[in-house]
Amino acid sequence: MPGKRIMLDVLKGKALSPPPLWMMRQAGRYLPEYRETRKRAGSFLDLCYDPDLAVEVTLQPIERFGFDASILFSDILVVPNALGREVRFEEGHGPILKPIAAAEIPALNGETFHVNLEPVYETVRRLRAKLPDETTLIGFCGAPWTVATYMIAGHGTPDQGPARLFAYREPEAFARLLKILADRSAAYLIRQIEAGADAVQIFDSWSGVLDEASFDAFCIEPVAEIVRQVKAAHPDIPVIGFPKGAGERYRDYRKKTGITGLGLDWTVPLSMARELQGEGAVQGNLDPLRLVAGGKALADGVDAILRTLGDGPLIFNLGHGITPETPVAHVEAMVKMVRSHR
């Protein structure tokens, strides 16, 4: 029964010891079984859109580590792809898109949006049927700002300068793009919930490159609109927001957006995390490179988080996604450390 899903209890504000545990990018290249499945898939997007294979890789870390939550295997860029934009992934280069021009934004095609994403919804349905009852299933999307940065530049850049410049030069077109992405992302999350997701997460991986006014306009306002639409349809479903690199702006992000749980990157001081925990559940925030290093670096990082945040509503996680070079044995050690905490 859903009541066994302890991560949902924490998102309601309950403190548990040990805390629930999962990892961002937990289905990924650090796992040998993932690499084997990835070879069979063809392209990365083929893997995202094949329910058989997407279910297989989503379940791999659950079967190996018994995490308390499972996150749908997909990518934030399936949303622009479903809107008719070309997306591909090149080894060593990441995502490649055809950069969108201001004049092309009104023509973004939403007519077949849900049809294009039906394989993702089918993956969610199958996952909820196959996962252990006690495992929380997380759906997700990218935040409009982060997705827009890739649509505008056509690839990732060190500071997402092309998107920032576009926003300053073409404010009306950029506002329209964010509105389209917010509306479509909300609809996407609602469909994932209807297919069986217990909670959803919004990834804003590039929120840390913006100035104060832009952060409010480009990060907070679109995410607040997504949360408003999701809560209107499913008021009891928790929404986790992860504004990576937000720094001091983490302090009022939850209040301004309406999210339930707050994902923290590894640069957030634990004293600040403790303060934020006073307003609700926090998730994070182990430096992924401590997990790569293992040994004392890993033990010290895990201990500091559990000592500071372990008596409040905490979902133990990394401060960003696990990296491909992470030894599986280090993940096993981390799980043991967290699970033995009392």
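A residue is called buried when its relative accessible area is under 20%, exposed when the area is over 50%, and partly exposed in between, with a 1.4 Å probe and protein chains only. The structure is a predicted model, in which local features need pLDDT of at least 70 and side-chain atom pairs count only at pLDDT 80 or more, while totals for chains, interfaces and linings use all residues. Residues are numbered from 1 along each chain as its sequence is written, and side-chain values use heavy atoms, with hydrogens and water left out.

Ser214 lies in helix 11; helices (H or I, at least four residues) and strands (E, at least two) are DSSP runs, numbered from the N terminus. With a relative accessible area of 5%, Ser214 is buried. Its side chain is joined to that of Asp211 by a polar contact of 2.8 Å. A polar contact is a pair of N or O atoms within 3.5 Å; within protein, one must be able to donate a hydrogen and the other to accept it, and residues adjacent in sequence count only if both atoms are side-chain atoms. Apart from neighbours within four places in sequence, Ser214 is in contact with Tyr168 and Cys219, where contact means heavy atoms within 4.5 Å.

Two packed helices are described by the angle between their axes and the distance between the axes. The axes are lines fitted to C-alpha atoms, for helices over the stretch in contact, and angles run from 0 to 180 degrees between N-to-C directions. Helix 11 (residues 212-233) packs against helix 10 (residues 171-195) at an angle of about 35°, and the axes are 9 Å apart. The crossing of helix 10 and helix 11 is right-handed; a crossing is right-handed if the near helix is turned clockwise from the far one by less than a right angle, and left-handed if anticlockwise. Residues of helix 10 in this contact include Phe174, Leu178 and Ala182, and those of helix 11 include Phe218, Pro222 and Ile226. By class, this contact of helix 10 with helix 11 has 13 nonpolar, 2 polar and 3 charged residues. Ala, Val, Leu, Ile, Met, Phe, Trp, Tyr, Cys and Pro count as nonpolar, Asp, Glu, Lys and Arg as charged, and the others, Gly among them, as polar.

Helix 10 also packs with helix 8 (residues 144-153), the axes coming within 9 Å and crossing at roughly 120°. The two helices are therefore oblique to each other; angles under 35 degrees count as roughly parallel, over 145 as roughly antiparallel, 65 to 115 as roughly perpendicular and the rest as oblique. This crossing is right-handed. Helix 8 contributes Pro144, Trp145, Val147, Ala148, Met151 and Ile152, which meet Phe174, Leu177, Leu178, Leu181 and Ala182 of helix 10. The contact of helix 8 with helix 10 has 11 nonpolar residues, no polar and no charged ones.

Helix 15 (residues 295-309) and helix 16 (residues 328-339) have axes that come within 10 Å and cross at roughly 30°. Helix 15 is therefore roughly parallel to helix 16.

Thr58, in helix 4 (residues 51-65), is buried with a relative accessible area of 1%. The Thr58 side chain reaches the backbone nitrogen of Phe73 at 3.2 Å. By contrast, Pro269, in the loop between strand 7 (261-263) and helix 13 (270-277), is partly exposed at 42% relative accessible area.
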